[in-house]
Amino acid sequence: MKVIQVEELAALGDDAQVVDVREPDELERISLDRPHLRIPMSSFLDHVDELPEAGTIYVLCHSGARSARVAEYLEQQGRDAVNVEGGIMAWHWAGLPTIQG
């Protein structure tokens, strides 16, 4: 499975297709301050058709564990998926833009 560091993802700019698979209560606490899709892992299979049809999908969660499973699933489906190592916490700790509350 491919992995990317948060700083590398940030350097890709707003055109990178990011999918946040955290649950709604987690998203209420802190979120990326950049364009991204929100598809909770608990309902991911019901909404997988909402993903962009082409291009690399960068999958993010709280710390990187759930997003790794989703990225692995997407790879098995023939998609180009990359796990964001460390998740939103690494993004926040790196001082990258977030929306809190």
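Modeller: Asp20 is found in strand S2, residues 17-20. Keep in mind that this is a predicted model.

Colleague: Is Asp20 buried or exposed?

Modeller: Buried, because its relative accessibility is 0% and the cut-off for buried is under 20%.

Colleague: What does its side chain make a polar contact with?

Modeller: The side chain of Arg22, at 2.8 Å. Beyond its neighbours within four places in sequence, Asp20 is also in contact with several residues, among them Leu27, His36, Leu37 and Cys61.

Colleague: Switching to the sheet. What is the strand order?

Modeller: S1-S6-S5-S2-S4. The sheet is open, has five strands, and its pairing is parallel. The edge strands are S1 (2-4) and S4 (37-38), each pairing on one side only.

Colleague: How many bridges join S5 to S6?

Modeller: Three. Val59 stands opposite Asn83 in S6.

Colleague: And which strands does H4 lie across?

Modeller: S1, S5 and S6. H4 runs at about 175° to S6. The helix covers residues 65-76 and reaches 17 Å from its first C-alpha to its last, close to the expected 16 Å.

Colleague: Which residues of H4 are buried?

Modeller: Arg66, Ser67, Ala68, Val70, Ala71 and Leu74. They pack against helices H2 (24-29) and H3 (44-47), plus strands S5 (57-60) and S6 (81-84).

Colleague: What follows H4?

Modeller: Gly78, with a positive phi near 90°.

Terms used. Residues numbered from 1 in each chain as written. Predicted model: local features only at pLDDT ≥ 70, side-chain atom pairs only at ≥ 80, totals over all residues. Heavy atoms only, no water. Helix = DSSP H or I, 4+ residues; strand = E, 2+ residues; numbered from the N terminus. Expected span 1.5 Å × (residues − 1). Buried < 20%, exposed > 50% of the residue type's maximum accessible area, 1.4 Å probe, protein only. Contact = heavy atoms within 4.5 Å. Pairing = 2+ DSSP bridges. Axes fitted to C-alpha atoms, helices over the stretch in contact; angles between N-to-C directions. Polar contact = N/O pair within 3.5 Å; in protein donor to acceptor, adjacent residues only side chain to side chain.
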